[in-house]
Amino acid sequence: MNLPGDRLLALAKRFLDEDAVSSSVEPTLADLQFESQRADGRAGRRLLALLRGYAAIVRLLLWHGLIWRSPVRRLLTVLVLGGIGSALLIEILSLAPGGPAGLSAFFIMAVLTPIVLRILHPGSSYRHAFVSCLSVGLMMSAVLLGWVFPDAAVRTTYPWYGYVLSSLFMAGCVAAASALAAAVASRPMPESTVRQRMVRVAVSAVVFAACYAFNILWAAIHPLSMAKFVGLFGWVCVLAFLFAAVSIVVYLPVLLGAQRVVPVPLRRTVLTMPGALLFPVPLLALPFLQGRLDSTLRFLAGDPGALMFVCLPYVLAGAVLGWLLAQGRVREAQPAVIVSS
Amino acid sequence: MSAVPLPTLPGIERLILELLVSNSPMFGLQMVESSAGRLKRGSVYVTLGRMEQKGFVESEQEQRAAGAIGLPRRLYRPTALGERALEAWSALHRALAWEGRS
């Protein structure tokens, strides 16, 4: 005869860590069965006992992270991240189809996946990180295709091989992005250094996004409807991601290089300046990628007000990154100064 | 000064030790029921497992009558180390409370 919780125990034994099962899961299920028997045929009490018992198991698995210590935690991480990314993609696509808003979920997940992998699976090999990022991206791509393909208007526009080619192109893009993300997620650098630097880049990207959103809200899109809000959110995500990517590729090497070249620790104001002055790099990166660099430069040169308006988020966020990096450097240098004096 | 790391005794572990010292042995569910909501069903065995690793409590499966159905439950009792840790903490608490008043 099967008792409540028997199947759950069999599953737990199969997928969870042996110690965790014997010390936590088994006693919790034993309590569930004991309480269910104690109900003595009274349906209400039995139901209450079952609800309490299963709630305890859920709490054990999620709240106490038992599930993340299991041998299948990497698969679970990919499924959860892929699920969150796909939900985000569908939500954004259903509210604002087309434009950068539709792709912002991919950008968010491209940043989130390596960070989560780095936290949950420290010391991952390049191959593991690549496969995990690729799986998340492919899961989101499959959901995107499944979402778009049933639309009859889209289906009749292209021949069948068009879909095959575009699917292969999308898979290639995801693989290339995964290779980059895996390189970041599996770099042999001390965990604390990577975390501190990424947190500083993220803080400056948030400053940028907030400043950019404020600019647009104030100047361009009154009154704010739901569709406009989603469109703005998409743009903010894309540009903040671009800003973070440029920070990692350009700002960090320049600012950290400046610290290494000069023998004395640089003061905050000194390091804040190059951060602020590097703003044209991310500002012009997107028009360059879109092939509109000439027209953008002409427009900005002809309108100083717009130039100031557009530059402000980049200048502020770059300055914040320089200031934060100098702050870490000053803190690290302080004990040496005290000892030598 | 000794460099041996001392085991810590957080509030929940203290509560479990207090319950076990006064009513040993106990099942996990009994501890939850007599803690007035301070212990949760989904947490108690994680805490008990941690305390077992620290050497504060020990456990054994309950002895069951022949033909009993269902999973056997675990009975917990405090170890000598657990009782000493609780005594030491109580003494420290009394001393600091006295300091606080003076």
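**View 1. Buried residues of helix α6(A).** In this predicted model, the buried residues of α6(A) are Ala129(A), Phe130(A), Ser132(A), Cys133(A), Leu134(A), Ser135(A), Val136(A), Gly137(A), Met140(A) and Leu144(A). Buried means that 20 or more other C-beta atoms, placed from the backbone, lie within 10 Å of the residue's own. Helices (H or I, at least four residues) and strands (E, at least two) are DSSP runs, numbered from the N terminus. Residues are numbered from 1 along each chain as its sequence is written, and chains are lettered from A in the order in which they are written. Local features need pLDDT of at least 70, side-chain atom pairs count only at pLDDT 80 or more, and totals for chains, interfaces and linings use all residues.

**View 2. The span of helix α6(A).** This helix covers residues 126-148 of chain A, 23 residues in total. From first C-alpha to last, α6(A) reaches 33 Å. That is close to the expected 33 Å at 1.5 Å a residue, taken as 1.5 Å times one less than the number of residues.

**View 3. Where chain B touches chain A.** Chain B gives 15 residues to the contact, and chain A gives 19. Two residues are in contact if their C-beta atoms, placed from the backbone, lie within 7 Å. On the chain B side, α2 (28-33) and α3 (41-54) each give two or more residues. The largest share, 6 residues, comes from α3(B).

**View 4. The build of chain B.** Chain B has 4 helices and 3 strands. From the N terminus on, they run α-β-α-α-β-β-α. Of the 102 residues in chain B, 27% are buried.

Methods
A residue is buried if 20 or more other C-beta atoms lie within 10 Å of its own, exposed if 12 or fewer, and partly exposed in between; C-beta atoms are placed from the backbone.
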